[in-house]
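Welcome! Could you walk me through a few features of this structure?

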Amino acid sequence: MSDLGRVLRIDARRTAPFLAVPALALLGGVAAWHALLPGVAYWDDAVAALFASVRVLGPASAALAAWVALREHRLGYLRGLSARSPALGPLLDLTLLGVVSLSAYAVVAAIVVVKTLLHVESGHPQVVGLLAGALTLLDYAVIGYLAGRAVPRLPTVAAAAAVTCLWGIVRPGTWTYLLPPPGVEHIHPFAGLRTELLAGQALWSLGIGGLLVSGYLWVLTRRARLALPLVAAAVLITVTTLWIHAQQRAPLAPRAFEYSCRQWPLTVCVHPALRSALPSLEAALTPLATRLSGTPGGFTRVEHRPDNDFPRPGHGVVYIHLKDLSPGYEHRAEQEIQISLLDARTCANPAHAAGVRYTALVSAWLLDETPPRMPDTAAARAFGRWAESRRRHWLRLHYARYRSCTLRGLDFRLL
């Protein structure tokens, strides 16, 4: 009876890992928050943030599981005093570790989901992505626990954390970054995670976990009936690995959308995920549009485009490529439009170095920036004294020279 009581006390100690839930949730929450696009609430990016949290939570869970396995191994001889199956203890350990890891993951997911719900402007919830992250996290816990049981030494705890961390950061080959947790960083609104790929990753994680647990239970019990889940898990891993390999590094797919626009006094159209930026973008870009009016660079419409989409500007239309709404995004949009006005080939010509400086003086006015220091102080002083209307008139007359970076000091003395 005394020995049985000690066994029961050992089982009761298994609840101790629940004390790690707040620490794990904090680690995962910081990682997820850092991975979210600043100022943009987009469901696919929320899933990517959860995968980023798994890349941090996973190694931490593996280390915790290895430590639990090491602690339980030291007292394993006492379990032999009871008539229970030798698999029962490890199954209880794995179940509790899974609950601990998933509890922390649930806290992180709740934070990300609430943040997205409060500001969401585009996309749809990806429940399968949430499931894929949860199953991957369970795999980390299983790997850490089995490592601790196989090599019951203190360095195993650090090794489990290090190896699983490397798996999340460095992937050999050209396609393995698609395996869970996928090495997908920020997902910008014009593209989204492929649902079928997320499902494949969830099945792959399920197969890995099933293979590891079934194999370990077979080692403990030698039960022939465990051959069925072992074979099923191996087949699932093989099929999903081949399918993921065939995806040719294509985790994202274009997302159909309709522009959100603000049409007065300037028409500004952005992806709906950036709808909240419309008032500030219009307020920032309207002065630039006013100063360029009457020139070949004048515009009345601004369109938000993907990073790799650079169409030829149409008459009165300019394009911006905002990735997020981090502080200063309005000024970055202004700078992008201003840079698009210039002829990159002629401005890069060393023979036009002096003209580049004069162009920078005019660009500083267009962008409301501090004028650069000029060797030709007379031209800088003259331009600085002019009224706004005179500067606009001057730009209409000298726009071609401004665009080609061929302005001269004489241009600022004649009007």
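Predicted model: local features only at pLDDT ≥ 70, side-chain atom pairs only at ≥ 80, totals over all residues.

Author: Residues are numbered from 1 along each chain as its sequence is written, and side-chain values use heavy atoms, with hydrogens and water left out.

Reader: Is S214 buried or exposed?

Author: Look in helix α8, residues 195–221, for S214. Helices are DSSP runs of H or I with at least four residues, strands are runs of E with at least two, and both are numbered from the N terminus. Buried means under 20% relative accessible area, exposed over 50%, partly exposed in between (1.4 Å probe, protein chains only). With a relative accessible area of 10%, S214 is buried.

Reader: Why is the pair of F383 and F412 classed as it is?

Author: The structure holds 10 aromatic pairs, meaning rings of Phe, Tyr and Trp (its six-membered ring) with centres within 6.5 Å; planes under 30 degrees apart count as stacked, over 60 as edge-to-face and the rest as tilted. The ring centres of F383 and F412 are 5.7 Å apart and their planes lie at 85 degrees, so this pair is edge-to-face.

Reader: Which parts does the pair of F383 and F412 tie together?

Author: Both F383 and F412 are buried. The two parts are 29 residues apart in sequence, because F383 lies in helix α14 (residues 377–385) and F412 in the segment after α15 (388–404).
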